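Dear colleague,

I am passing on the structure we spoke about, with a short account of what came out of going through it. Please look at it first, and then read the notes below.

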Amino acid sequence: MGTKTQIAALPGWYSLDGEPHLIGSRCIACRSYYFPKRTTACRNPACGSDTLEAVSLSRTGKLWSFTDACYQPPEPFLAPDPFVPFAIAAVELEHERMVVLGQVVSGVDVGQLRLGMTMELVVEPLFADEATESLVWKWRPV
Ligand SMILES: [Zn+2]
């Protein structure tokens, strides 16, 4: 036994159905992508549309930049307490060409990362209580 209900630590930011993916928005007029998802007007000053649709973002991308997080990060990055240093990746999404930050999966440190390598979106537990496990998206080298 011991199976816990898995929930999103940040509901609405990503889907846990099937293969996990981030949920962003796309302007129906100029096709600009946004993450986190926007519900108000498009930010493109040349556009002016106020109609954005929710879209599933690419699950893979190229590693654009990375660093070591040796301090407790600000929201929306949630970290276990006590804090354990981890790597942060900035990944340029394959289709959208938009850079999305995220933690790197447990067990992978900056010494194993190389710019341009392909990264894949996964979810890992961030914290848990007796009944539920809260998941957050992370990047994993493919
Ligand atoms: Zn637009």
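Please keep in mind throughout that this is a predicted model. The largest nonpolar core in it has 18 residues, and those with the most contacts inside this core are Leu22, Ala87, Ala89, Val91, Val104, Trp137 and Trp139. Two or more core residues come from each of strand E7 (86-93), strand E8 (99-104), strand E9 (118-128) and strand E10 (132-141), with E7 giving the largest share, namely five residues.

Phe66, which lies in strand E6 (residues 60-69), counts as buried because it has 21 C-beta neighbours inside 10 Å, where 20 or more are required. Not counting residues up to four places away in sequence, Phe66 touches Ala87, Ile88, Ala89, Ala90, Val110 and Leu113. Val100 is 34 residues from Phe66 along the chain, and the C-alpha atoms of these two are separated by 11 Å.

As for the protein as a whole, there are ten strands and zero helices, and buried residues make up 21% of its 142 residues. Its radius of gyration is 16 Å, which agrees with the value near 14 Å that a compact globule of 142 residues would have, and its C-alpha atoms fill a box of roughly 50 × 35 × 30 Å along the principal axes. Of the contacts between residues at least 6 apart in sequence, 52% join residues at least 24 apart.

With best wishes

Note on methods:
Residues numbered from 1 in each chain as written. Predicted model: local features only at pLDDT ≥ 70, side-chain atom pairs only at ≥ 80, totals over all residues. Helix = DSSP H or I, 4+ residues; strand = E, 2+ residues; numbered from the N terminus. Buried ≥ 20, exposed ≤ 12 C-beta atoms within 10 Å, placed from the backbone. Contact = placed C-beta atoms within 7 Å. Core = buried A, V, L, I, M, F, W, Y, C linked by C-beta atoms within 7 Å. Rg over C-alpha atoms; globule rule 2.2 N^0.38 Å.
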